[in-house]
Every structure is written in C-alpha cells, then in structure tokens.
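User: Hi! I've just opened a new model and would like to talk it through with you. Could we go over it together?
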Amino acid sequence: MKQILVLTTTLLLCLATYAERIGSVSLNQPAGLDSLVYKNIGATVQPANQVVSCSGFRVQIFSSNRGQNAKNAAFEMEKTYTEAFPESHAYVTYSAPFWKVRVGDFVSYYEALVFSNTVKDAFPDRATEIFVVKEDIVKPLYLGVENTPTIKEEETINN
C-alpha cells in the first residue's frame, strides 16, 4: 500500500509538470523534499532502481559543431564538469551537427536558473555559453518507504 502511495505521488508530480505546460497546475518541489519529510517522521526513503522521465529543465554548458574536435571537446567538458560537480549528472548528446553537454535534472526553470549561475561562477570563461533549456529529465522513483505512520497513528500524534 505504501509503495503504491509513493508511486502515485511520483506520477502525480510528473503529471503536474505536464499540466504546467498547458497552464492549469504548477507544482515546484525541491529534489530532497521526500527525504526530509520522511526523515522527520523517522522513516527512510529508498530510491528504486527505476526512473521516471518527465518534462523539466537542464543547463546547457557546451555546444559545438566542429566535427571530431567537437566530440572530443564535449567529452572533455563532461569530465571537467563532473570533477567540479560530482553530485550532478552530465549528459553528452549529438543532434546533427551539434555535440552538446547538458547538466542536471530540474523540475522548475528557477532551480535550473539558480544552478546555471553556480556553473557560470565555476566556469567563468564559458559563462556566455551557459543557459537553461527545456528538456525531458529523469527523476528516481522512490519505493520501499519504511516506518511511515498510518492514518490512525498520525491522528494520535496530532491530538
């Protein structure tokens, strides 16, 4: 039952992100909110080995169309970025004729914008090429919530 509740919540977040595009619902949630909520009630949140793809934002830090040099430069930029920001993920893509490096998985534009400023500070020589792009992102699917209070336990705690 708990797994279904967490799965449903995750799917609703992705649907809310989709609905944001058509203008009816806007839901912004920091990435670490789940762990903070469950930590406060003594439960743990375990990421499943699954991810959910939904609409979001990434920060583009590199783009070039100079043949093989562009490919090598893209992978070099990915390596440099990963050394500077090991907690964030970099994605190298090829969309003819451009090699691109995009980083992060942000649900809101504002989160991506704030992070882009951090990246600009870390790579000031590339600051003019760093910007936020709308792209499908991946978020971990959380399952296996342990020690989550039932409704009756919550009523007892609140009363």
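User: Thanks. Where is Ser55 found, and what does its side chain make a polar contact with?
Analyst: Ser55 is found in strand β1, residues 44-64. Its side chain makes a polar contact with the side chain of Lys134, at 3.3 Å. A polar contact is a pair of N or O atoms within 3.5 Å; within protein, one must be able to donate a hydrogen and the other to accept it, and residues adjacent in sequence count only if both atoms are side-chain atoms.

User: How many helices and strands are there in the chain?
Analyst: There are 5 helices and 4 strands, and along the sequence they follow the pattern α-α-β-α-β-β-α-β-α. Helices (H or I, at least four residues) and strands (E, at least two) are DSSP runs, numbered from the N terminus.

User: And where is the confidence lowest and highest?
Analyst: Helix α5 (residues 151-158) is lowest, at a mean of 49, and helix α4 (residues 109-122) is highest, at 95. For the chain, the mean pLDDT is 77, and 60% of the residues reach 70 or more. That score is the predictor's confidence in each residue, from 0 to 100.

User: Which stretches have pLDDT below 50?
Analyst: Residues 41-45 are one of them, with 16 contacts in the model beyond near neighbours in sequence. Another is residues 147-151, where pLDDT stays under 50 and the model has 11 contacts beyond four places in sequence. Contact means heavy atoms within 4.5 Å. Where pLDDT is low, the predicted coordinates should not be read in detail.

User: Back to β1. What does Ser64 touch?
Analyst: Not counting residues up to four places away in sequence, Ser64 touches Ala70, Pro97, Phe98 and Trp99. Ser64 is found in strand β1 and counts as buried at 14% relative accessibility. Its side chain also reaches the backbone nitrogen of Arg66 at 3.4 Å.

User: Switching to aromatics: how many pairs does the count come to?
Analyst: The count comes to 6 aromatic pairs. The rule is that rings of Phe, Tyr and Trp (its six-membered ring) pair if their centres lie within 6.5 Å; planes under 30 degrees apart count as stacked, over 60 as edge-to-face and the rest as tilted. Tyr81 and Phe85 are stacked, because their ring centres are 5.1 Å apart and their planes are at 25 degrees. Phe106 and Phe115 form a tilted pair, 5.4 Å centre to centre with 40 degrees between the planes.

User: Nice. Which ring does the charged end of Arg58 sit over?
Analyst: The ring of Tyr91, 3.6 Å from its centre. The criterion is NZ of Lys or CZ of Arg within 6 Å of the ring centre and within 35 degrees of the ring normal.

User: Last one: where is Glu129 found?
Analyst: Glu129 is found in the loop between α4 and β4 (131-146). Glu129 is partly exposed, with a relative accessible area of 32%, and its side chain makes a polar contact with the side chain of Arg126 at 2.8 Å. The C-alpha atoms of Glu129 and Phe62 are separated by 6.7 Å, although the two are 67 residues apart along the chain.

Notes. Residues numbered from 1 in each chain as written. Predicted model: local features only at pLDDT ≥ 70, side-chain atom pairs only at ≥ 80, totals over all residues. Heavy atoms only, no water. Buried < 20%, exposed > 50% of the residue type's maximum accessible area, 1.4 Å probe, protein only.
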